[in-house]
Protein chains: 2
Amino acid sequence: MPPYKDLSPKNIDLKVPGFKASGISCGIKKTGKKDLALLLSDVPANTAGVFTTNRVKAAPVVLDIRRLRKGVSRGVIVNSGNANACTGRRGYRDTERMASAVENALGSGKGSILVCSTGVIGVPLPVEKVEKGVPALVKNLSYDGLPQAAEAIMTTDAFAKTAVSKAGINGKTVTVAGFAKGAGMICPNMATMLAFIATDAEIGNSALKRALTSAVDLTFNSIVVDNDTSTNDTVLAFANGLSGCGEIKADSPAFKIFSGLLNEVSLKLAHMVVRDGEGATRFIEINLTGAASAKDARSAARSIAESFLVKTAFFGGDPNWGRILAALGRAGIRMKEDRVDISFNGVPVVKGGLDTGNETRAAKAIKASDVSVEVRLNAGRSSAKVWTTDLSYDYVRINSAYRT
Amino acid sequence: MPPYKDLSPKNIDLKVPGFKASGISCGIKKTGKKDLALLLSDVPANTAGVFTTNRVKAAPVVLDIRRLRKGVSRGVIVNSGNANACTGRRGYRDTERMASAVENALGSGKGSILVCSTGVIGVPLPVEKVEKGVPALVKNLSYDGLPQAAEAIMTTDAFAKTAVSKAGINGKTVTVAGFAKGAGMICPNMATMLAFIATDAEIGNSALKRALTSAVDLTFNSIVVDNDTSTNDTVLAFANGLSGCGEIKADSPAFKIFSGLLNEVSLKLAHMVVRDGEGATRFIEINLTGAASAKDARSAARSIAESFLVKTAFFGGDPNWGRILAALGRAGIRMKEDRVDISFNGVPVVKGGLDTGNETRAAKAIKASDVSVEVRLNAGRSSAKVWTTDLSYDYVRINSAYRT
C-alpha cells in the first residue's frame, strides 16, 4: 500500500513577498528529474540555521555554519542526487564553487549564498553540471517558483512538501512559507532532512535563531523515522523584512505570533516527512504526559518511537502494550510501572501498569492509518509529543536495495 | 533462508560435577513443547547474577535480586511461554509459589531456589500448571539433563544453545557449562535473553560476581539484535566447588584461568543468540579499534550495530560505508572523519575518510554469511567488539505477526 497521499497544499498561494525560487534539472540525476533549486530574497535577509549534530558533516553544512556567523544571506542553492559528504577537501571546494556560480550570476557578492546537498555520499559532486545549470536556474527564478524548488530537492520522497501560514502583525500581513525533503535514504546512504523557510517578517537574526531553534525542537527534532542522523540535515530560515510589520523583538506579543506561524509551518512539513517515511503504512503520534521533567517526557516518548519492536507491532496491527512498557523501562526516566496508563486511539489498554482486557477493541482501533498512543506516567506534569511511523517490509526493501 | 544451523555442540559432554538438570512440558505452551526447566546443584552453590537494566522488571527478576543478596542458592527453575512481567502483585506471589514448589519437593529450604520466566508479558502466569509439573521435573533430574533444560527454556529460538569449556586449575579439572535462550520476541512481547552457567570451580561469590560481570560485559552485553532491553534478561552463574581445585581468589592466576573459561562459554552462547537472531541472514562482527577511550570504542561499535540503515544494507549485500561513517558521527565520540579507515572482510573501503574505489570487491566480500566490519578510528588505543545481525524481511514478519 502506498501509505500517504500527497499532503502539500494544492492551488494555495505559497508566495512570500520578496522571495523568488526556481527548480531545474542540471543532469546530476540520471533520470533527468529536477535536481537543482534556488531560493532567493530580493534583499539581504536575516538568516538562521539548525544543522545536523552528526560529527561527520557534509561539506555544505561546514560552509553554511561558517557563513551564518554574520547571520545574513540572500538565499540558498540546493542540489539533489549527490550529498557532497565524505568527499574531503575537494568536496569543500565544490561547495564553494556552487555558491560562487550563483553569486557571480547575480552579482550578489561573495558569501551571500548558502548551499545544501542531498543524495549519494562518498562520491565527488559533479560540480561542472551545477555550474552549467546555474544560468537556467537563475533565469527561471519566479515569485511563483517555490513548488518547483520543492520538487528539485526531492530524493526518494513520494511527493514535494510545502506549507504556508499567515497572520497579521501590527496591521501587516506576515507570511511564512516553507518546503522540505524527507527521510529518503535509498539511493543515497542515509536519511537527509532539509527544510527551507522564507518569511517577510522583520526580525533580527538572534530573535529569528531563537524562534527557529524552538520550532525545530518541537517539530523536526520530534520526529523519528529510523533513529539515524544524517551528515547533511539542515533547516534554514530567511527573513527579509519586506512585510513592513515593524521589528519583532524576542518575547514580544508579535514574537509569539511569529513563532506560532513558524511552528505551524515546521510542524506541517515535519508531519509530511513522517507520512512519507520509507515504507510507512501508519502515522503514529506518541503523546507522553505526566512525566517528572521535560527531559524525561522527551526521552520516554523517543524510546517508544525508536523501538523496532513497537514499530513492527504497529505494522502488524498488534496492540502490543508490553513493548511500550518495556521501552519506557529502558528510557532511564523516573517512573513507577504500577502508575502507568496507556491507551491506543482512546481505547485504554493499560491501567496502573496492568492489562485492561481491551485487546480486541484496541486491535480494531489501531487498524487506522493514524494511531495516537497516549501514555500517562502519573509521575509529574511534563509532556512531549513525538511522531513516527511503523516499520514495514517496504522499509527493509527500500533500504536493502543495492545502490545502482 | 533459515540462516544458521544448530551450533550447539553435539555428542559433547555437558556434565558438570554435582549439577543435575531436567526439562519437561507442564502445559504452559499450547504446542505441548517443553516449557519447564530445573538446574540444581547437589550442594549449596555460590551464585552470582546479572539482570536487565530495564526499570520495568518482571516478577522473577525482582525475586532473584532479593534472594541473591546472600549469594548462595541451590539452583533455578525456569518456565518458558509466559514472562510473568507486568503482572503486578499477583505476579510476584506466583514467582514465590514457583520457587516454593521446588523447595518443598526437595526439602531444600525457603529461599534456596531462584526463578526465571520468559514468554508473553502482561498475562498472569498459570502457576498451577507449574506446581503440577514440579514432581515430574524433579523426578527427571539427571546429571545428563542439561540439554533437556536448554530445550525447555526456548521460545522462538530455532535451536537449543549450550556450551562447555574445561581447564586444569591446581591439578584438578574445572568445568564450566552453560545454556541460554535468545532474543526471540515473537509470541512474547520482547526479547528476553536468559543464560545459566554451572561450574564446579571453588570460588567465593564476590569473586564469582566479578568474573561474571566482566564476562557478561564482553559477551552478552556486546551483542545487538534489535536495541531492545527486556524486562526479564538474566544471566546466573552457580559455582558448587566440587572440583576440589582450591579456592580461586580474585586476581590470582587461577582466577584468570577461570575467567577465561567463563568468557569462552559466555561468548559461545552469546554468538549463538546472535546467529539465531530473528530473521538474521548474516552474522556481523564490528571490530572497532583506535578509539580514544574504552567508552568511545564501545559507543562507536554499538552505534554501528544499532543502525537500521547499516543492518538493512548488510541484508541487501550493499557495502554501504557511508552509513557506517554516519553512525560513527552520531555516536558522540572523539574522532576525525579524515582519519577513519574501514574494511569489510579485509577489503578496504574507506581510507582516511575517503572512498577507496573497492566497491565491487567489497560487495563480493560481504555476500558471505559472516561479515567482519573493521573500523579504525586512529584516535587512540582502545578497542571493542560488538556482534549483530542484518535486518531482513523476516525480522519484520516475525515481529509484526499478531499474537495468537
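## Helix 8 of chain A

A residue counts as buried if 20 or more other C-beta atoms lie within 10 Å of its own, with C-beta atoms placed from the backbone. The model described here is predicted. By that cut-off, helix 8 of chain A, which covers residues 308-315, is mostly covered, with 8 of its 8 residues buried. The buried residues of this helix are Phe308(A), Leu309(A), Val310(A), Lys311(A), Thr312(A), Ala313(A), Phe314(A) and Phe315(A).

An α-helix has 3.6 residues a turn, so residues three or four places apart point the same way. In helix 8 of chain A, the list of buried residues runs from Phe308(A) through Lys311(A) to Phe315(A). Just after the helix, Gly317(A) adopts a positive phi of about 70°.

## Confidence

The model has an ipTM of 0.78 and a pTM of 0.85. For chain A the average pLDDT is 91, and 93% of the residues reach at least 70.

Where pLDDT is low, the predicted coordinates should not be read in detail.

## Chain A as a whole

Chain A contains 11 helices and 15 strands. Its radius of gyration is 22 Å, close to the 22 Å given by the globule rule for 404 residues, so chain A is as compact as a globular protein of that length. The C-alpha trace of chain A spans about 70 × 55 × 40 Å along its principal axes.

Of the 404 residues of chain A, 61% count as buried. Among contacts in chain A with a separation of 6 or more, 80% come from residues 24 or more positions apart. Chain A is divided into domain 1, residues 19-275, and domain 2, residues 283-400. The C-alpha centres of these two domains of chain A are 33 Å apart.

## The seven-stranded sheet of chain A

Chain A has an open sheet of 7 strands in the order 8-15-10-14-11-12-13, with mixed pairing. At its edges are strand 8 (223-224) and strand 13 (354-355) of chain A, each of which pairs on one side only. Within the sheet, strand 11 (residues 341-344) and strand 14 (residues 370-376) of chain A are antiparallel and pair over 4 bridges. In this pairing, Ile342(A) has Val375(A) of strand 14 as its bridge partner.

Helix 6 (residues 253-275) of chain A packs on the sheet and touches strand 8, strand 10 (283-291) and strand 15 (382-389) of chain A. The direction of helix 6 makes about 45° with that of strand 15 of chain A. Helix 9 (residues 321-329) of chain A also packs on the sheet, where it touches strand 11, strand 12 (347-351) and strand 14 of chain A. The angle between the directions of helix 9 and strand 12 of chain A is about 55°.

## The seven-stranded sheet of chain B

In chain B, an open sheet of 7 strands with mixed pairing has the order 8-15-10-14-11-12-13. Strand 8 (223-224) and strand 13 (354-355) of chain B are at the edges with a single partner strand each, so one side of each lacks a neighbour in the sheet.

Strand 11 (residues 341-344) and strand 14 (residues 370-376) of chain B pair in the antiparallel sense, over 4 bridges. Asp341(B) has Arg376(B) of strand 14 as its bridge partner. Helix 9 (residues 321-329) of chain B lies across strand 11, strand 12 (347-351) and strand 14 of chain B, and runs at about 55° to strand 12 of chain B.

Definitions and conventions:
Residues are numbered from 1 along each chain as its sequence is written. Chains are lettered from A and ligands numbered from 1 in the order in which they are written. This is a predicted model: local features need pLDDT of at least 70, side-chain atom pairs count only at pLDDT 80 or more; totals for chains, interfaces and linings use all residues. Two strands pair if DSSP finds at least two bridges between them. Helices (H or I, at least four residues) and strands (E, at least two) are DSSP runs, numbered from the N terminus. Two residues are in contact if their C-beta atoms, placed from the backbone, lie within 7 Å. Axes are lines fitted to C-alpha atoms, for helices over the stretch in contact, and angles run from 0 to 180 degrees between N-to-C directions. A residue is buried if 20 or more other C-beta atoms lie within 10 Å of its own, exposed if 12 or fewer, and partly exposed in between; C-beta atoms are placed from the backbone. Domain bounds come from an automatic or database domain assignment. pLDDT is the predictor's confidence in each residue, from 0 to 100. The radius of gyration is taken over C-alpha atoms; the globule rule is 2.2 Å times the number of residues to the power 0.38.
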